[in-house]
There are 2 protein chains.
Amino acid sequence: MIEIKKIKGGVCAARGFFAGASGCGIKTGSVTRDDVAVVFSEAPSFSAATFTTNKVKAAPIRVSAEHLKTGRQRAVILNSGNANACTGEAGIQDARAMCDAAGSLLGLKSKEVLVCSTGRIGVPLPMDRIAKGIALLKPNRTGSLASATAIMTSDTFAKEFAVEVKTGKGSFRVGGIAKGAGMIDPNMATMLCVVTTDADLSQPVLRAELKRSVANSFNRITIDGDMSTNDTVILLSNGLSACTPDMSAFGQALDEVTRTLARMIVSDGEGVSRFVEVELIGAANDKEARTAAEAIANSTLVKCAWAGGDPNWGRILDAVGYCGVKIDDAKVDIFYDKLASVKNGIASHTPFEKLRAVAAKKSFKVTVDLKLGKGSYYVWTTDLTEEYVRLNLGE
Amino acid sequence: MIEIKKIKGGVCAARGFFAGASGCGIKTGSVTRDDVAVVFSEAPSFSAATFTTNKVKAAPIRVSAEHLKTGRQRAVILNSGNANACTGEAGIQDARAMCDAAGSLLGLKSKEVLVCSTGRIGVPLPMDRIAKGIALLKPNRTGSLASATAIMTSDTFAKEFAVEVKTGKGSFRVGGIAKGAGMIDPNMATMLCVVTTDADLSQPVLRAELKRSVANSFNRITIDGDMSTNDTVILLSNGLSACTPDMSAFGQALDEVTRTLARMIVSDGEGVSRFVEVELIGAANDKEARTAAEAIANSTLVKCAWAGGDPNWGRILDAVGYCGVKIDDAKVDIFYDKLASVKNGIASHTPFEKLRAVAAKKSFKVTVDLKLGKGSYYVWTTDLTEEYVRLNLGE
């Protein structure tokens, strides 16, 4: 029996973690906002991370992956305004230089630091300015919100969340900051997340739990189907709670943090007016369920219908039809929340007005039952609005 | 040596083909436009067709596929306003009834007729009205434009095209009508095309040439990545020219018609402001080239950038990165028309203003060279505008 309670403090909620932010004008040259952030553990810690599956990987991801081989990182240095992606060998050197500078500031080796960047791609990092920005950082126990704010790009609010967990074996904390999957002018932006915990865990447990939890949180979200070159989720654990929880207790707490941050990211997608959970059940297997759920969630036409408050099912059935999974359309049921929209492949008798009332809500669930097997999967997604297009017209 | 000349007459340009249209108020009950059309050969003809690969297939496709087994159809009956899709067993009966009615009108067996529908899905066809509409049809030698107009949904112009071909073995004609891939409120619409020829060809040649030509025309277009349940391309050949051209001569003429109609469809996509050819070269093989070209063409972010006249390359590289094909991003070159935008994975020295001038054009070409192999593919696509979203908000 465990008790999970939401607490304040974000990425600094866990004992011994410090965060801070500073501004150095990365994007424009003039300092109008904080654009550098750091998260730091005062005690030695274990680390784990998951990175984008995009085959084009930004320089900070390559450098972080290299450092991560030891699994003993104690700090993360982050910047917004420039993704340091598609920047060639010079970009790799710049990412290393960021770790060097953060290491100097914190009294760590360069290899004890992980690095994340988000923002414009294809533009060299202004390393002189960034070095000054890093030197200005003063990590502290109340710096979570400032660091969450510094890494924002097109996000409209800073994202932080933390929980305290009481178990029979003592208590521990898990908290984090994140930035959104919304896309940034003039190039795509990135999903970044740093989670910290004072639970006392081994590195293999940390790695396994992060992988599992990301599969159930950040990997469930899709806003436009485009994946960034920089997506990164990092987990640091310093053991300062002296509590070694059961894996399931830690997993529950970690899920609470990752899933909450993931939902915040979806809700804050660019121009989003609706949060939609797409649940696919009855597929031949889980893999096909995922393919179909993602096809629905990424269908431009389905998303446009939702933006208009239209409880459209034809476009949903169409998406399942073209995504390649096994389907017998004479069997398919589709629900908006709990109201049947389609039964056995044809329109249900539910009055259209009732279905429309569901699609008019800010948040609803679409369930598609293929009635072929036991495969299931769900994703969290959004509508596609004119505002989204406007925000992504580029420069 | 052959000579291909554009001529008038559309789907009636070839000898012995008749077309006509009538209005019966399919969508709303009141007759405000023509919504039924027919194409008919006065002489026996061979037929071939290609249908949507969507696993959810509308009733008219199922009935047409069944009739097509003989390859001896002489007429096509078409309607707009209702797709007769997701309508269950009753829909199959309705599609058969449309063939029956057209057969009665033209003195043909029901099985000598193919049927196409486009429009709303999930709504039963108003068969009483459609039967009246079919009875009113008066196919004639100048009915191409009227029939092309009757099958329009969200199309902004009627699409017809024809050519006359002179060869050492005599002359023949090929012509057709089509309707667009733009999507229709409240559900997805359909790409329909009927091509006729008076060339004297065997049924196997007809079938092979149609398949080849569709692969190089209609299968190259993508507007939003969504595929309809009703997509159909039909080819009828009645041999009345008494000319049996070489396969390559017929193929060239057929391509001229299918590729012109396909480009018309793309240009008339909903809310489209730019026509873009995406060419992928240097891929490991043709299949990977196709995957990457389609990923670029279907990327919401890439398309939004084009709508804004932004010669964005980061989003293009990102799309190639996540679509799963082999890539070494340090090798990639990207061009807007002939201007290098990216060389070896990093920004070229081409002044941004010059690239922007290309992306500002109504029509341009993006070439991506992966420099890994000899695989190549191209697709024709469009930008994604606020207008597109507005048109697809549903009801």
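**Notebook: helix pair, domains and chain contact**

I began with H5(B) and H6(B): Val205(B), Glu209(B), Arg212(B), Ser213(B) and Val214(B) in H5(B) meet Met247(B), Phe250(B), Gly251(B), Leu254(B), Asp255(B) and Thr258(B) in H6(B). I sorted the residues of this contact by class and got five nonpolar, three polar and three charged. The model I am reading is a predicted one.

Next I took the geometry of the pair. Two packed helices are described by the angle between their axes and the distance between the axes. Helix H5 of chain B covers residues 203–215 and helix H6 of chain B covers residues 247–267; their axes come within 10 Å and cross at roughly 45°. I noted the crossing of the two helices as right-handed.

I then turned to the domains of chain A. The assignment gives domain 1 as 3–267 and domain 2 as 275–391. Over C-alpha atoms, I find 33 Å between the centres of domain 1 and domain 2 of chain A. Where they touch, 10 residues of domain 1 of chain A contact 10 residues of domain 2 of chain A. On the domain 1 side I list four nonpolar, four polar and two charged residues.

Last, I looked up the contact between the chains. Chain A contributes 50 residues and chain B contributes 50 residues. On the chain B side, H8 (300–307), H9 (314–322), S14 (346–347) and H11 (386–391) each supply at least two residues. H9(B) gives the most to that side, with seven residues. By class, I recorded 22 nonpolar, 18 polar and 10 charged residues on the side of chain B that touches chain A.

Key:
Residues numbered from 1 in each chain as written. Chains lettered and ligands numbered in written order. Predicted model: local features only at pLDDT ≥ 70, side-chain atom pairs only at ≥ 80, totals over all residues. Contact = placed C-beta atoms within 7 Å. Helix = DSSP H or I, 4+ residues; strand = E, 2+ residues; numbered from the N terminus. Nonpolar A, V, L, I, M, F, W, Y, C, P; charged D, E, K, R; others polar. Domains from an automatic or database assignment. Axes fitted to C-alpha atoms, helices over the stretch in contact; angles between N-to-C directions. Left-handed = near helix turned anticlockwise from the far one by under 90°.
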